[in-house]
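Reader: I would like a close look at one part of this model. Please keep it brisk.

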Amino acid sequence: MSVRRLAEDTVQPASFAFSKENAAWAEATINKYPKGREQSAIIPLLMRAQEQDGWVTRAAIESIADMLGMAYIRALEVATFYTQFQLKPVGSRAHVQVCGTTPCMLRGAEDLIKVCKKKIAAEPFTLNASGTLSWEEVECQGACVNAPMVMIFKDAYEDLTAERLEEIIDGFDAGKGAEIEPGPQIDRIYSAPEGGLTTLQLVEAPQKTKAPVRASKAKAEQAVSVPPSNAAKPETAADVTNPALKTPATAKKAAAKNAKAEGETVDKSKPAKKPR
Ligand code: FES
């Protein structure tokens, strides 16, 4: 668990304001919540501020707290709790989040971290010399089946090797990040096997033949003549499985019918037993 503090005052901007478009979006987002519950919009608003400025500044936290009528400490609690919020400036062209959880670690995440240390900075959350790149180690990003992987902003780059990550970082640093296809970096679609499917391959569909009407009618008649099967029916004389008995036999008439089905004689002078 890392200690999450706001960035030094020296890098904090004096003020924050949403752009015109983001301000309209923020207002619409706040209006989605019931009256008196507007503070629930804190997470989407902080995330929008991060997308706008690259990181969450103190001014942004306080400005959003004002918009939502919250005490600054409440907004600070949210911003410092969730690791998705970057509390320090990150690379302007790429912030590389390397997954270091077990599946990725077993598949080479440590080599990816070495690449970040070599190409970006020796320590995480540190900008490279030109301020374009930064990196950090994160927990599982939910793409374990394509491990190892990194996230850069909202995209995942999977099935990585150290060499491929170097190429990706160089691409982003050159301002060509949009040209790099996210997802698996090997020959496979999503998490399908490399080189194509090995199971559930398309088989030749059975040919539909139109049978003559007479033949199909004869077939239907034949099907009707098949006697009902007794398969799985228990062979027992117990009342519960005797199809001739109707249950519950509470009425006189039904009791007599049951007795008849079982071959008993009914003493009509006695009343039928009442059900319990
Ligand atoms: S362990 Fe890396 S994505 Fe899940």
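Which residues does Cys144 touch, not counting residues up to four places away in sequence?

Author: This is a predicted model. Cys144 touches Pro103 and Cys104, leaving aside residues up to four places away in sequence.

Start with Cys144 itself. Its place is the loop between strand 2 (133–138) and strand 3 (150–152). Cys144 has 18 other C-beta atoms within 10 Å, so it is partly exposed. A buried residue would need 20 or more.

Now take its partner. Cys104 sits in helix 5, which spans residues 102–106. Cys104 has 27 C-beta neighbours inside 10 Å, and therefore counts as buried. So the contact between Cys144 and Cys104 pairs a partly exposed residue with a buried one.

In an unreviewed entry, UniProt places the feature "binding site" at Cys99, Cys104, Cys140 and Cys144. These four are spread over 46 residues of sequence, yet they cluster in space. Their largest C-alpha distance is 9.1 Å.

Last, the setting. The protein has nine helices and five strands. Along the sequence they follow the pattern α-α-α-α-β-α-α-β-β-β-α-β-α-α. Of the 276 residues, 19% are buried, and Cys104 is one of the buried residues. Among contacts between residues at least 6 apart in sequence, 59% join residues at least 24 apart.

Note on methods:
Residues are numbered from 1 along each chain as its sequence is written. This is a predicted model: local features need pLDDT of at least 70, side-chain atom pairs count only at pLDDT 80 or more; totals for chains, interfaces and linings use all residues. UniProt positions are given in the numbering used here, feature names are shortened, and annotations may be inferred rather than shown by experiment. Helices (H or I, at least four residues) and strands (E, at least two) are DSSP runs, numbered from the N terminus. A residue is buried if 20 or more other C-beta atoms lie within 10 Å of its own, exposed if 12 or fewer, and partly exposed in between; C-beta atoms are placed from the backbone. Two residues are in contact if their C-beta atoms, placed from the backbone, lie within 7 Å.
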